[in-house]
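Good morning, colleagues. Please look at the sequence and the model on the screen while I take you through a few of its features.

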Amino acid sequence: MSHKILIVDDAAFMRMMIKEILTKNGYTVVGEAQDGLQAVEKYKELRPDLVTMDITMPEMDGIHALKEIRGFDPNAKIIMCSAMGQQAMVIDAIQAGAKDFIVKPFQADRVVEAIKKTLS
């Protein structure tokens, strides 16, 4: 059975890159969101097995969205995505319940490794 994944990033190009990596590796992308508000709505609607969440986004950032989703579903599996140099935010995200983080630009093998580890 293929795991259902929600991709959250304000950059369409980044969503497309992650989606390509995931689908090539047998995962099903059930939805995409471009900000934290959409992420929370889509999570409640789609109930994905895992979320990849950008940290820096308009409307609601990834850490706030992570907290909202985990408030709704304490078992939510969320992997944060960040650009280089956001170490403090990554630490905040892990403390807020993120399972792992991947750094942009994405390395396909690192993305797949983080997802496999989080879902197992």
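First, the conventions. This is a predicted model, in which local features need pLDDT of at least 70 and side-chain atom pairs count only at pLDDT 80 or more, while totals for chains, interfaces and linings use all residues. Residues are numbered from 1 along each chain as its sequence is written, and side-chain values use heavy atoms, with hydrogens and water left out. Helices (H or I, at least four residues) and strands (E, at least two) are DSSP runs, numbered from the N terminus.

Let us begin with helix 1, residues 12–24. Its 13 residues reach 18 Å from the first C-alpha to the last, close to the 18 Å expected at 1.5 Å a residue; the expected span is 1.5 Å times one less than the number of residues. Which residues of helix 1 are buried? They are Met14, Arg15, Ile18, Ile21 and Leu22. Here buried means under 20% relative accessible area, exposed means over 50%, and partly exposed lies in between, with a 1.4 Å probe and protein chains only. Seen down the axis, the buried residues of helix 1 fall within an arc of 130 degrees, so they line one face of the helix. The arc is taken over the directions from the helix axis to the C-beta atoms. The buried residues of helix 1 pack against strands 1, 2, 3, 4 and 5 and against helix 5, where contact means heavy atoms within 4.5 Å.

At the start of helix 2, a side-chain oxygen of aspartate 35 comes to within 2.9 Å of the backbone nitrogen of leucine 37.

I turn now to the interior. A nonpolar core is a set of buried Ala, Val, Leu, Ile, Met, Phe, Trp, Tyr and Cys residues joined through side-chain atoms within 4.5 Å. The largest such core has 22 residues, of which Val8, Val51, Met53, Leu66, Ile69, Ile78 and Met80 touch the most other members. Helix 3 gives the most to this core, with four residues. Apart from it lies another core of 18 residues, among them Ile5, Ile18, Val29 and Val112.

There is one aromatic pair by the rule used here: rings of Phe, Tyr and Trp (its six-membered ring) pair if their centres lie within 6.5 Å, and planes under 30 degrees apart count as stacked, over 60 as edge-to-face and the rest as tilted. Tyrosine 43 and phenylalanine 72 form this edge-to-face pair, at 6.3 Å centre to centre with 85 degrees between the planes. Tyrosine 43 is buried at 2% relative accessibility, whereas phenylalanine 72 is partly exposed at 37%.

Next, the charged side chains. Which residue makes side-chain polar contacts with aspartate 9 and with aspartate 54? It is lysine 104, at 2.9 Å from the side chain of aspartate 9 and at 3.0 Å from that of aspartate 54. A polar contact is a pair of N or O atoms within 3.5 Å; within protein, one must be able to donate a hydrogen and the other to accept it, and residues adjacent in sequence count only if both atoms are side-chain atoms. Aspartate 9, in the loop between strand 1 and helix 1, is buried at 0% relative accessibility. Aspartate 54, in strand 3, is buried at 3%.

Finally, the backbone. Most residues other than glycine have a negative phi, and most peptide bonds are trans. Lysine 104 is joined to proline 105 by a cis peptide bond, with omega about -5 degrees. Arginine 47, although not a glycine, has a positive phi of about 45 degrees, and this residue is partly exposed at 44%. Glutamate 59 also has a positive phi, near 70 degrees; it is exposed at 64% relative accessibility.
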